[in-house]
Amino acid sequence: MKLATRVTKIKPSPTLAVTMRARALQAQGKDIIGFGAGEPDFDTPENIKQAAIKAIQEGFTKYTPVGGIDELKDAIITKLKRDNGLTYKRSQIVASCGAKHTLYNIAQALFEKGDEVIIPSPYWVSYPDIVLLAGAKPVIVNTTASTGFKLTPEKLEKAIRKKTRAVVINSPSNPTGATYSLKELEGLAEVILSKGILAISDDIYERILYDGLVFHNMANVSEAMKDRCIVVNGVSKAYAMTGWRIGYAAGPENIISAVTEMQSQSTSNATSISQKASVEALAGDQKTVSVMAAEFEKRRNYIVGQLNEIKGMSCMKPPGAFYVFPRVSRLYGTGYGGRKIAHSVDLSEFLLEEAGVAVVPGSAFGNDHHIRLSYATSMKNIEEGVRRIKAVVKKLA
Ligand SMILES: *Cc1c(COP(=O)(O)O)cnc(C)c1O
């Protein structure tokens, strides 16, 4: 049967091969330690669950306005003021079925054939495909460990052409954890404003930030920059609510209104029950957020220390998110038992089969020199997982 060409534009994710193999091995009864997860291992906090139960019991189970109930928009506005010092009106807010959905709708509302969108690499796997699905062209700009995996104003300026519409900034970053300071954002904003492009700020890991760092996004730079910035965030990562599917955007009124229109002819509103739960998440007690972040910080300190002890691996201490992105390319060219390690997929397969440890190859994020490990798993799993990695990497020669 003929399929639309847009389907063929989407690359099957290189993460899939490893994930599928890990599942298959698990199904065979093998003991696999998973460092692949892109979601918190914590349960959704009790107060949030109770808000959802109450919504169901009160019959709050019907369609809502497409862009979200006023109560949720107000909770988002309160959050943006409280945590980010940013002021928005209801007409500048839209709630969607997860931040990924928000980003998808933004791309659909803003980009088309002939447009280019700058995506710094290493990038979250969905950005390029979301841009492609809008018919536009993702322009990948490589960043390296030497700049902490951050885009510099020089690199940004070089990548901007007449067709450039926007740049995506994800801070703290998935997969590197890289986090931009206000000063670094100011440098980028100067270029963005002088070239008249937009910034899409993916703040989903905002609350998972370590070492007492204070979060800033592009909209914090200036009123002028705020007018050219779409802030995207959601409840998935901060509140361990990945399955509830609530994300949101704040930005210029005409863009938000276009995003809402796109949504009105696809999903309509996000789940009414999840909207009520998200009101509690954003406006209720915030204690659990810092409890989770403190636990992630402990795990980060441990896993970074351990990985840096492994010959052939070197790992930056990420200031945020719950991933480590060690450089492993010094192991390329080695092998074991007839298996050659030539790239990040080879190494990931080796770790899976020889150590029973699932990681994600860096090539999935646009950087083949690295692999990604998520430490959104118990300390016990992390200890056992790194012990296994250490043991099998020693065998490589
Ligand atoms: C998890 C993630 C998202 C999407 O989260 P939703 O569950 O769709 O709200 C967006 N951006 C990045 C970088 C992520 O890691």
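I began with the aromatic rings and, pairing rings of Phe, Tyr and Trp (its six-membered ring) when their centres lie within 6.5 Å, I noted a count of 10 aromatic pairs. The model is predicted, so I kept in mind that local features need pLDDT of at least 70 and side-chain atom pairs pLDDT 80 or more, while totals for chains, interfaces and linings use all residues. Residues are numbered from 1 along each chain as its sequence is written, and side-chain values use heavy atoms, with hydrogens and water left out.

I then looked up Phe 149 and Phe 325, whose rings sit 5.9 Å apart centre to centre with 80° between the planes, an edge-to-face pair (planes under 30 degrees apart count as stacked, over 60 as edge-to-face and the rest as tilted). Phe 149 lies in the loop between strand 4 (137-142) and helix 7 (153-159) and Phe 325 in the loop between strand 9 (323-324) and strand 10 (335-336), so the pair ties together parts 176 residues apart in sequence; helices (H or I, at least four residues) and strands (E, at least two) are DSSP runs, numbered from the N terminus. Phe 149 is buried at 7% relative accessibility, and Phe 325 is buried at 4%, where buried means under 20% relative accessible area, exposed over 50%, and partly exposed in between (1.4 Å probe, protein chains only).

For Phe 322 and Tyr 323, I found ring centres 4.9 Å apart and planes at 50°, so this pair is tilted.
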